[in-house]
Amino acid sequence: MATFLYKLGRLSFRRRRYVALLWVLLLGGIGYASSAAPAPPADSFSMPGTDSQKAFDLLDERFPAASAEGATARVVIRAPEGEKITDPAAKAEVNRLVAALGKGSQVAGVADPYKANAVSKDGTTAYASVTYKVISTELTDKTHDALTDATDKTHAEGFTVETGGDAVQAEQEMGGSAELIGIAVSAVVLVITFGSLIAAGLPLLTAIIGVGIGVSGIAALGSVLNLSGTTSTLAMMIGLAVGIDYALFIVSRYRAEIAEGREPEEAAGRATGTAGSAVVFAGLTVIVALAGLSVVNIPMLTKMGLAAAATVAIAVLIALTMIPALLGFAGKRALRRKDRKNLKKSGADSKHSKDTKATKDNRALTKQAAAHSAKAAENTKPNLGTRWARLVLRRPVTVLLIGVLGLGAVAIPATSLELGLPDEGTSAPDTTQRKAYDLLSESFGAGFNGPLMVTVDTGGAKDAAAAAKTVGASLAKVDGVAAVTPASVNPAGDTAIITVVPTTGPSDHRTEELVRTIRSKASGLEADTKSDVLVTGQTAMTIDFSQTLDDALLPYLGLVVGLAFLLLMLVFRSVLVPLKAALGFLLSVAAALGAVVAVFQWGWLADIVGVDQPGPIMSMMPIFMIGVVFGLAMDYEVFLVTRMREAYVHGARPAEAVVTGFKHGGRVVGAAAVIMISVFSGFIMENDDMIKMMGFGLAIAVFFDAFVVRMAIVPAVLALLGKSAWWLPRWLDKLLPNMDVEGEKLHKTFAPSSSPAAEDEDEDEDEDRDNDDEEERELEPVRG
């Protein structure tokens, strides 16, 4: 693979104008297609095979006029203090409000609270339910304004009026600026890392182009593949982060190759062949993790995962082709000005460095320049990565214990993890949705915010009313049921709806138990009434959603970890290194979930993060974090340990290979992690609770995995394992194809002609090995 990518890098470098033009034309073409494409469909949520989804589909078929998929609004009205909502004056005002709410082309109907028995027992509060013909995302501004105007007029008369439901337009404080924040911080980090505006600009430019192509492609295919507008959220988040990181590693390796005296074209080829190989396998692990979300069998997650995986694939292709092309335009200007001057001073910039038939004088000058560079390197203070690696190698057991115990302590809150979906009870206390929720709980009971809908289907027989009466009478006797409303029967008479109001709120575990109890009684009721009895409603769908994710968690984890383990085995030619990588990931994701629980469920640091109301963690968060974080964690494993493997294959001792990996890759991996953290952290400032939690969870997971697991635990474990870390059974070594990720074949094939100093390397080999042995003895940890 390294040889193929080496040739691809050199080809892209030489044909840079065509390569750059091709990507720009592709961006323009897909951008135009997305602008000309029909509007993407609205968000739809379904869970094939669940009871709640079957009931929902049945209602949509048998009660088309009820607009089962339409938006709803629940307007709660409380009379002024000392008055009753049933007083003549108050009743007149409520009737006027109901009439105003019923106006508008998108309104399907309004339930009169006096006719629908929606008045509290104390007579102070009532609520009117408004249903719409379209889903919430298709409501027009005119419809939103009509709802607001109608409630404002009643509020002006001295009534307390609050509105809940998905038809209420959420207040957007920020929205859309998360990407700009991430890009701005990334730019600063890249400039600090590279010390060159040109080198810093290349990863940003290619990442933006990659994300632009990915998101535009999703928009262009939205109506064809039924991809909603939110499908691109994950693609944008992940695509921007990995796009910058992949380009960062190739540009960094290019600069290192230039510093060793190679010409730009050769340096671009070698950077693509070595760092590019790591990019390919890192990208594959991310793609496997994202595409694996398909096994959950929730269409929304499947689409988000596949769209994000396609964007990652585009980021990989751009890194392998467009980055070498842009390096062709940049040349040695990708280096810092100081490094360019030092390069000229040392003689490494000689025009004759490429000449394989160099004269003896030129060879002598080259050898003298190499000696000068080596002497300068000796006098140079080891970089932070080198010093850190040597510190870990001296105290591997201490570092390992601190890292594992520290992450274990952070993971403790995850043991009290409570899953659910956000509802209006978790909204900010000052929002109208939360106030409406609280008013209903106070006046009608907590269960009124999460009623259950029980469908009774007689399969064509027109006796649904009688069957529903029997079912309703039975359910009214179940513990935890506050009320059962009379059945509503469809015009055909074969299907009925019963509303069951629990005594507890929608997020209460006792409500979940009630749903299970009703479903367990359903089989007996079906036999008595000769009908199908199903439970649905928002609360039931939330319960089914959580159960679906729980059932899919272990198969998904096995699939993702198993496939990634095989990929890493191909990369590192080792059994223990992939195993260590997988165990380290589980530790970091457990710690990240613990942090999410502490902030979003317990409320720690809630004001700083912007959590208005602590509550249950979103049901999809664990499986989502496992998928995304695993892919990103393997990025750092591949980038950092590949450089160690490369040094080991080329003759370095195990401890020296660890130091070499950190010397060349530590700073870059650290910068890549900071960039990813900044990209994800930008989404914490969004107003959407789901996006905020995703951004925080991914940011803290990357921090734990990059700086604790990969930077501390990994070198400590490798130090303790020594040569056994790279052990692979002979039979397995013969069975696995050699992908040559570390560029061993590339080194053997192209090294003699790539640098004028190569002919002198053999003369110093024995001396280098003696120095290696001495350094090995200094760094080798004491093993028990």
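Trainee: How many residues has helix α22, and what span does it reach from its first C-alpha to its last?

Mentor: Some ground rules. This is a predicted model, where local features need pLDDT of at least 70, side-chain atom pairs count only at pLDDT 80 or more, and totals for chains, interfaces and linings use all residues. Residues are numbered from 1 along each chain as its sequence is written, and side-chain values use heavy atoms, without hydrogens and water.

Mentor: Helices are DSSP runs of H or I, at least four residues, and strands are runs of E, at least two, numbered from the N terminus. Expected span is 1.5 Å times one less than the number of residues. Helix α22 (residues 621-649) has 29 residues and reaches 40 Å, close to the expected 42 Å.

Trainee: Where does α22 bend?

Mentor: A bend is the angle between axes fitted to the seven residues ending at a residue and the seven starting there. α22 bends by about 25 degrees at V641. G651, with a positive phi near 110 degrees, follows α22.

Trainee: Why is α22 largely enclosed by the rest of the structure?

Mentor: Buried means under 20% relative accessible area, exposed over 50%, partly exposed in between (1.4 Å probe, protein chains only). α22 is largely enclosed because 27 of its 29 residues are buried.

Trainee: Is R573 buried or exposed?

Mentor: R573 is buried, at 7% relative accessibility. Its phi is positive, near 50 degrees, though R573 is not a glycine. R573 sits in the loop between α19 (538-572) and α20 (576-601).

Trainee: And which is K530, buried or exposed?

Mentor: K530 is exposed, at 72% relative accessible area. K530 also has a positive phi, about 55 degrees, without being a glycine.
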